[in-house]
Amino acid sequence: MKILVVNYRDRMHPAAGGAEKHLHRIFSKIVEMGHEVVLFTTMFPGAKVREVVDGIQVVRNGGDLLFQLTVALNLKKLDREFNFDVVVEDLNKLPVFAHWFVRKPLLVQMHHLWRKSIFSEAFFPIAFGVWFFERVIPLFYRTQNFVVVSPSTKKELAEIGVDESRISVIYNGSEMPAVAAQLNEGSCGETAAQFRGDSCESSENVPVQDNALKNARAPYFIWLSRVHRYKGIWTALDAFEKFSKSHPEVKLYVVGGGPLLKKLPAWIKAHGLEGKVELTGFVPAARKYELLSSSLALLQTSYKEGWGLTVMEAAQLCKTTIASDVPGLRDSVRDGETGILFPSGDAAACASAMEKIYDDAEWRANLGRNAKRYALTFSWEKSACETLELLERTVEGSVRK
C-alpha cells in the first residue's frame, strides 16, 4: 500500500514535538511491514527538499504560514508521481483539507483539540483562527474517519459534532530505547507478567522483569517539554517556588528548548531561585533519560495534551508524574495509582503534590512501579498494527462506496 501523510513538520524540524515523534514511530514500523510512506511537510533552514528519514520518504516545501496553500498547489502533483492508495492528514495545527486535492480515501489523525486553551498560547488573531477552524471540522470532514490517541480527545471531537462511530482510539506506544534500558537495569523491584501485545498476530502475556528502584531519593524534580506557554511552564515554576520555601535543598531541572526559554533566567533571578532551577535547554536522548532516571518525579503541567509521551518515558524508568488534570494527561496518568493529577494551572495544588511525593519515599516508589506496569501495556508495534488495519478498512470502505 502507498500512503501519503501530510503534517506541518517531520521529526527533523527544529520545532518538532510529540506529534512528530508519534508520526515517525508509527509510520516507520508500517514501512518495515512492507508499505511505502511519503510524508509531505514544511521546509526549515538547512533541510533537504527530499530525504528518507526512518524509512519514510520526506518531501518538504514551504513554511508554516502558507502550508495550506502549499498543500493545495502540490498534492495533486505528488499523487501523480506516487499514485497513493490512502491519505493521512495529521491535523495537529490547522486543517489542510487534503481530501479536496487528492481524491483518495482520507484518514484524519488528531492528538488533541486546542479549544479555548489556544488563547493562552497565541495572540488573538492566530488563536481565533485555530479555534474557528476546530469548530468547523465536522462541517468540512463530514464522512472521513478519525483516529485519536486518547479517549479524552475522542470525547472532545464528539462534543464539537463528529460522529463517535467515525472516531477510533489508538494509543501511543511505549518502548524503552537502549540508552534508557541501561539506566533502568536493576530498578523497580519485582517480577510481573504484563500484557504488551507487540505482534500483529497475537496479544499474549509476556513476562516482564521489574527491578528495584535504583534511586530511592533524588534531589530534584524534572520538567521536560518544549518551553511553550501552553505547556504550563509558569505553573511549574510557581509551584516549585512554593515548594522550595520549605525544601531549599531540592532543585528543579527544566529540560527542553523553545520560545519562552530566554525569558526564564530573568524570572528565576527575580524570584531568588538562582542555583535552584537549572535550565538545560535541549539535550540529547542519553542525557534526557539520565536526568529522568535520577529525578524524584516528572512535572507535566500542560494545559493541553493529546496523551503525554513524556509521562511514558518517565514511567519506563519507574518514575511517577505529577500532572495537570486535563484531557490526555488524565488518560496517561492514573490519579493515585501511577501519579498525581492536580487542577490545571493551580500552582498551590501542584506544590502540595510535590510535598507528598518528596516526603513519602515508599509511596513514590510504588507509584513508579505502577507507572511502569501501565507503560508496559502499550507498544509502538501494536499501535502501528492497529493503524495499518484502520488504513486498510478506510480503503476498503471507500471501494464499497
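**Exercise 1. Find which residue in S14 stands opposite Ile 222.**

Solution. The model is predicted.
Step 1. Look across from Ile 222: Leu 298 in S14 stands opposite.
Step 2. Now widen the view to the two strands. Strand S11 (residues 220–224) pairs with strand S14 (residues 298–300) over 2 bridges, in the parallel sense.

**Exercise 2. State which helices pack on the sheet around S11 and S14, and what they touch.**

Solution. 
Step 1. Take helix H7 (residues 233–244). H7 packs on the sheet and touches S11, strand S12 (251–255), S13, S14 and S16. The direction of H7 makes about 170° with that of S12.
Step 2. Take H10. This helix also packs on the sheet, touching S11, S14 and strand S15 (321–324). Its direction makes about 165° with that of S14.

**Exercise 3. Give the strand order of the sheet and name its edge strands.**

Solution. 
Step 1. Read the order: S13-S12-S11-S14-S15-S16. These 6 strands form an open sheet with parallel pairing.
Step 2. Look for strands that pair on one side only. The edge strands are S13 (277–281) and S16 (339–342).

**Exercise 4. Describe how H10 and H13 cross.**

Solution. 
Step 1. Find the axes of H10 (residues 309–316) and H13 (residues 361–375). They come within 8 Å and cross at roughly 115°.
Step 2. Classify the angle. Values of 65 to 115 degrees count as roughly perpendicular, so H10 and H13 are roughly perpendicular to each other.
Step 3. List the contact. Met 312, Ala 315 and Gln 316 in H10 meet Gly 368, Ala 371, Lys 372, Tyr 374 and Ala 375 in H13.
Step 4. Sort the residues of this contact: 5 nonpolar, 2 polar and 1 charged.

Notes
Residues are numbered from 1 along each chain as its sequence is written. This is a predicted model: local features need pLDDT of at least 70, side-chain atom pairs count only at pLDDT 80 or more; totals for chains, interfaces and linings use all residues. Side-chain values use heavy atoms; hydrogens and water are left out. Axes are lines fitted to C-alpha atoms, for helices over the stretch in contact, and angles run from 0 to 180 degrees between N-to-C directions. Helices (H or I, at least four residues) and strands (E, at least two) are DSSP runs, numbered from the N terminus. Angles under 35 degrees count as roughly parallel, over 145 as roughly antiparallel, 65 to 115 as roughly perpendicular and the rest as oblique. Contact means heavy atoms within 4.5 Å. Ala, Val, Leu, Ile, Met, Phe, Trp, Tyr, Cys and Pro count as nonpolar, Asp, Glu, Lys and Arg as charged, and the others, Gly among them, as polar. Two strands pair if DSSP finds at least two bridges between them.
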